[in-house]
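Subject: Structure for you to look at

Hello,

Here is the structure I said I would pass on. Please open it first and then read the notes below it.

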Protein chains: 2
Amino acid sequence: MLTVEQAQEAVLASVSVLPSERMSLLEALGCVLAEPVVAGIPLPPFDNSAMDGFAVVAEDTRGATAAAPRGLTVVGDIPAGTVPGRRVGAGMAARIMTGAPVPEGADAVVMVEQSRPGAGGTVEILAPAKPGDNIRRMGDDVAARQTALPPGQVLGPSELGLAAALGCTHVVATRRPRVAIVTTGSELANPGEELKPGAIYDSNQVSIAGCVLRSGCEVARRLHAGDDEPAIEEAIRGCADADLIVTAGGVSVGDYDQVKAVLARLGEVKFWRVLMKPGKPVAFGSVLGRPVFGLPGNPVSALVTFELLVAPALRKMSGRQNCLPPTARATLLAGVRHEPGRREYLQAFTRYAGDGCVVEPSGKQGSALLTSAVGANSLLVIPEECEGLGAGEQVTVVLTAPETALDRGGATCGTRPR
Amino acid sequence: MLTVEQAQEAVLASVSVLPSERMSLLEALGCVLAEPVVAGIPLPPFDNSAMDGFAVVAEDTRGATAAAPRGLTVVGDIPAGTVPGRRVGAGMAARIMTGAPVPEGADAVVMVEQSRPGAGGTVEILAPAKPGDNIRRMGDDVAARQTALPPGQVLGPSELGLAAALGCTHVVATRRPRVAIVTTGSELANPGEELKPGAIYDSNQVSIAGCVLRSGCEVARRLHAGDDEPAIEEAIRGCADADLIVTAGGVSVGDYDQVKAVLARLGEVKFWRVLMKPGKPVAFGSVLGRPVFGLPGNPVSALVTFELLVAPALRKMSGRQNCLPPTARATLLAGVRHEPGRREYLQAFTRYAGDGCVVEPSGKQGSALLTSAVGANSLLVIPEECEGLGAGEQVTVVLTAPETALDRGGATCGTRPR
């Protein structure tokens, strides 16, 4: 049986980065750049004022003070977006706004706060300026023909803003993975339907779709199939428009666990068990030329195997450089017991306290107990051979919702209000 | 002038949680629950098997070993989703699948791995079972009529899965804030258009929209207005369908900074300067009964003021409990200088290294230098009166992309590939 690391390695070796496509800047939010953004213009495109004030010849302001101001003749007014009308020569000043082009002849801008109106169309400068003061030079941010954003760059708000500043409306980025979800099991009813005796509501379709969306990927389709092989096969064949297929249920050892058989017949099963708890009966392979994961049907097992195995595959397909889930070290707040054997992952809540993280399991644990995962933002890792961990020990946590794990103080943006 | 904390306090005191609405489970991903999810059924809905195996009377298996197995007559087969056909009495066993209802009479399930086929329709049990073994009791996860998810709960994949498991198709959650973005300045050209002399491309519309979307909110509209008050007023009046309005540019002290004047005339300006760098000229107030932020036009200033002031407002409006941006302590990798006065926020890259975080500024800083923000995932805080920070000092960072700050090792999911 593979360890989690061996399984992750097998998954990452097997999946490939998806093709790139041209998309609008906001469509590309969170995507990974596939072709560089090369500056077609310098940024800023021209020397411009960093302040509202007066464009001057610096030499004219030498020794200026409030007590001994230098009077200059105001020869123009340069709002942002206009072109300066005339040269600023010795003894002259042009009123200039932030972002407006610096007029020919001027070599400094005096902030409006260091000036006051003078008599008869003049301005009094109250402090000396050095050449270059308050001027943003053409190309200071990005030189023309420079690579502003390299391939591999994840596109957040600032990166998209830089592309827009260079005049781009689109970028070429790796396509978002489209994921198909197939839940199996004739015991499953759709939420909202009447629950017949012996049936339960299908929660995996929603929770796996939530994981897919939270990973920045798209849900291509959600299907349900019973326990018979033909139905499962038909459902999986219906997923040809997805980049990756996730099934839930039907990968254990029982007679009614048909998913593994269908995957083996339609494609290749690379592994079907991993030395972990929960999540031991998890399959990975390929069908229809696409990676496929057979997750266990227990809802907590499905969540854990998604985070540890499916999410890394989606990160690699998205073009990310580092694909493993983020981890941190944390101080354990309450002891936990463990039966040596498989590595165990407990649903847990990690938060930032002072100079480091602390972690505690989030309620009664069990692969079928969804309440243990409510409010959890991490998985507490219990090593294979350990017989338990004591309060105060340093442990490793896998962060499934990192935005809450480094939060200010004890409260956490409402993720765990109870 | 307000400090950042005073400004945040004024913002949070002024904005209100938005109304709630009924939404489908996946629409609610990332939203905050407004009405409790109360269990209409127990979870699980009936006693069921945790394993594939045989439902037995535990007493029948006492002392069973591989050498001395107990033979039981197989009286039935219970796939998941069916109702057991007959009672399991002494000397009997029913083949049972994971999730199937435990038949009347049986009080334990023996894993299939601890059995082997016997002669003539019997099964041999190879290990003793205790009453309750491998049985998941009705209501063990959630009792009927129990509050499964309380108001205030942030809805992630597991919380939505729990709601689905209880049969819910919809929840009542706080509406996602809809944000209108108005950029001002007659120097701005739309990306893709020809750049006339003196003009620059509008980057704020895209980067602010990116920040809004990354906050889990919606962009109601994106508008551009020139520098004249009537145009700005018309644009702001066109934002009545938004829950919050963000403008960029036009809040400084110059003659062409008209946004502040329009806001004061249409509504109320609560503050218009904050003791921070960049971002001093930032306005907050209300127009049309909606909160409005006037962000500075410099692109980096707009990003910083969004994270520190607008994002907290959006979190409160979304129903989150803790609204301030997540922060962490980190070890500074390279010294930085600072002119005492305003608190400064440098674009920085924080990563997890060993047992704690380290941080370094991300390139040449400047309120107009978007390249400083490329690949940054945090803001390095330099206190007001400090004259600089040395390498090795413990500093505070505001995390703008926390998912990369706690990443495994030095590499970071590709956020900073260079």
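How many Å separate the centres of domain 1 of chain A and domain 3 of chain A? Taken over C-alpha atoms, the centres of these two domains are 67 Å apart. Domain bounds here come from an automatic or database domain assignment. For chain A that assignment gives domain 1 (4-18 + 176-317), domain 2 (21-38 + 147-174), domain 3 (48-136) and domain 4 (327-404).

Some ground rules first. This is a predicted model, in which local features need pLDDT of at least 70 and side-chain atom pairs count only at pLDDT 80 or more, while totals for chains, interfaces and linings use all residues. Residues are numbered from 1 along each chain as its sequence is written, and chains are lettered from A and ligands numbered from 1 in the order in which they are written.

The contact between the chains

Chain A gives 103 residues to the contact and chain B gives 103 residues. Two residues are in contact if their C-beta atoms, placed from the backbone, lie within 7 Å. On the side of chain A that touches chain B, the elements that give two or more residues are α2 (157-165), β15 (200-201), α3 (204-214), α6 (299-317) and β22 (327-332) of chain A. Helices (H or I, at least four residues) and strands (E, at least two) are DSSP runs, numbered from the N terminus. Sorted by class, that side of chain A has 58 nonpolar, 29 polar and 16 charged residues. Nonpolar means Ala, Val, Leu, Ile, Met, Phe, Trp, Tyr, Cys and Pro; charged means Asp, Glu, Lys and Arg; the others, Gly among them, are polar.

Helix pairs

Two packed helices are described by the angle between their axes and the distance between the axes. Axes are lines fitted to C-alpha atoms, for helices over the stretch in contact, and angles run from 0 to 180 degrees between N-to-C directions.

In chain A, α3(A) and α6(A) pack at an angle of about 20 degrees, with their axes 10 Å apart. α3(A) is therefore roughly parallel to α6(A). Angles under 35 degrees count as roughly parallel, over 145 as roughly antiparallel, 65 to 115 as roughly perpendicular and the rest as oblique. α3(A) passes α6(A) in a right-handed crossing; a crossing is right-handed if the near helix is turned clockwise from the far one by less than a right angle, and left-handed if anticlockwise. From α3(A), the contact uses A:Asn204, A:Ser207, A:Ile208 and A:Cys211, and from α6(A) it uses A:Pro299, A:Ala302, A:Leu303 and A:Phe306. These residues divide into six nonpolar, two polar and no charged.

α4 (229-237) and α5 (259-266) of chain A pack at about 55 degrees, with their axes 9 Å apart. That makes α4(A) oblique to α5(A). Their crossing is right-handed. A:Glu229, A:Ile232, A:Glu233 and A:Ile236 of α4(A) meet A:Val259, A:Ala261, A:Val262 and A:Leu266 of α5(A). By class, this contact has six nonpolar, no polar and two charged residues.

Sheets in chain B

Strands of a sheet pair through backbone hydrogen bonds, either parallel or antiparallel. Two strands count as paired if DSSP finds at least two bridges between them.

One open sheet has six strands in the order β7-β4-β6-β5-β9-β8 (chain B), with mixed pairing. β7 (108-111) and β8 (115-117) of chain B are at the edges with a single partner strand each, so one side of each has no neighbour in the sheet. Neighbouring strands of this sheet are turned by 40 degrees against each other on average, direction ignored. Five bridges join β5 (70-78) to β6 (92-96) of chain B, and these two strands run parallel. B:Asp77 has B:Arg95 in β6(B) as its bridge partner.

Another open sheet of six strands, also with mixed pairing, has the order β16-β13-β17-β21-β20-β18 (chain B). Its edge strands are β16 (218-225) and β18 (267-271) of chain B, each pairing on one side only. The twist averages 20 degrees from one strand to the next. β20(B) is joined to β21 (290-295) of chain B by five bridges, and the two run antiparallel.

Backbone details

The peptide bond from B:Leu43 to B:Pro44 is cis, with omega near -10 degrees. B:Pro44 sits in the loop between β2 (37-38) and β3 (48-49) of chain B.

Regards
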